[in-house]
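Here is a short report for a reader new to this structure. Look at the sequence and the model first, then read on.

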Amino acid sequence: MATINEIIKLFAALFVFAGSIIALISAVGLVRFKDVFLRIHAATKASTAAVLLTLIGVFIYFIVSQGYVSVRTLLALVFINITSPVGGHLVSRAAYRTGAYMYQKHSNTEGADLNKDDVDKETQRQLRIAKRAKRRKKIYSRLDQD
């Protein structure tokens, strides 16, 4: 019976270790990616998976070691897996609506006028302002029609 408990604790430790590795990958993604959309992707997807694996490991450890089910850990699992992707979506949606810079690998693709290599910062700002004004005008014209 003691060896089974040790094996289960080993699996719990492996879950926690896998979660920490994914958290490290998420942190590297936050530093390396070039725009807000890619960074939000790294922050929400990888960190949600990291927290999920870590809390599953903690939950298993508490069951085997302490002999009880941790309701707090279950609640943390549920709420983090609900709120983190929703928060990331809202941040990226707000960034898109305000005309945030969107990284593009090649300058010959559509929307390349916002590429950092093509124009300077003031021109980028003017293009974003014009794009927002055009979008606002389109939205308001739809509202006036209704």
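## Serine 92 and its partners

Beyond its neighbours within four places in sequence, serine 92 is in contact with Phe37 and Ile40. Contact here means heavy atoms within 4.5 Å. Serine 92 lies in helix 3. Serine 92 is buried, with a relative accessible area of 18%. The classes are set as follows: buried is under 20% relative accessible area, exposed is over 50%, and partly exposed is in between, with a 1.4 Å probe and protein chains only.

This is a predicted model, in which local features need pLDDT of at least 70 and side-chain atom pairs count only at pLDDT 80 or more, while totals for chains, interfaces and linings use all residues. Residues are numbered from 1 along each chain as its sequence is written, and side-chain values use heavy atoms, with hydrogens and water left out.

## The chain as a whole

The chain has four helices and zero strands. Its pattern along the sequence reads α-α-α-α. Helices (H or I, at least four residues) and strands (E, at least two) are DSSP runs, numbered from the N terminus.

Of the 146 residues in the chain, 21% are buried. The accessible surface comes to about 10,500 Å², and 65% of it belongs to carbon and sulfur atoms. Accessible areas come from the Shrake-Rupley method with a 1.4 Å probe; for residues, only the protein chains shown count as cover. Take the contacts between residues at least 6 apart in sequence: 58% of them join residues at least 24 apart.

## Helix 3

Helix 3 covers residues 71-97. Its 27 residues should span 39 Å at 1.5 Å a residue, and its end C-alpha atoms are 39 Å apart, which agrees. The expected span is 1.5 Å times one less than the number of residues. After helix 3 comes glycine 99, whose phi is positive, near 80 degrees.

Which residues of helix 3 are buried? They are Thr73, Leu77, Gly88, Ser92 and Ala95. These buried residues pack against helix 2 (36-66). Valine 71 is also in helix 3, but valine 71 is exposed, with a relative accessible area of 53%. Valine 71 belongs to a nonpolar surface patch with Leu75, Val78, Phe79, Ile82, Val86 and Leu90, and together they have about 640 Å² of accessible area. Patches are made of residues with over 30% relative accessible area and no salt bridge; like charges are joined within 9 Å, and nonpolar side chains (Val, Leu, Ile, Met, Phe, Trp, Tyr) within 5 Å. A salt bridge is a side-chain nitrogen of Lys or Arg within 4 Å of a carboxyl oxygen of Asp or Glu.

## Helix 2

Helix 2 has 31 residues. From first C-alpha to last it reaches 42 Å, close to the 45 Å expected at 1.5 Å a residue. Its buried residues include Phe37, Ile40, Thr44 and Thr48. Helix 1 and helix 3 are among what covers the buried residues of helix 2. Glycine 67 follows helix 2, and its phi is positive, near 85 degrees.

Threonine 48 sits in helix 2. Is threonine 48 buried or exposed? Threonine 48 is buried, with a relative accessible area of 11%. Its side chain reaches the backbone oxygen of threonine 44 at 2.4 Å. Leaving aside neighbours within four places in sequence, threonine 48 is in contact with Ala43, Asn81, Ser84 and Pro85.

## Glycine 29 in helix 1

Glycine 29 is found in helix 1 (residues 2-32). Glycine 29 is buried, with a relative accessible area of 9%. Glycine 29 and alanine 43 are 14 residues apart along the chain, and their C-alpha atoms are separated by 7.7 Å.

Note on methods: Polar contact = N/O pair within 3.5 Å; in protein donor to acceptor, adjacent residues only side chain to side chain.
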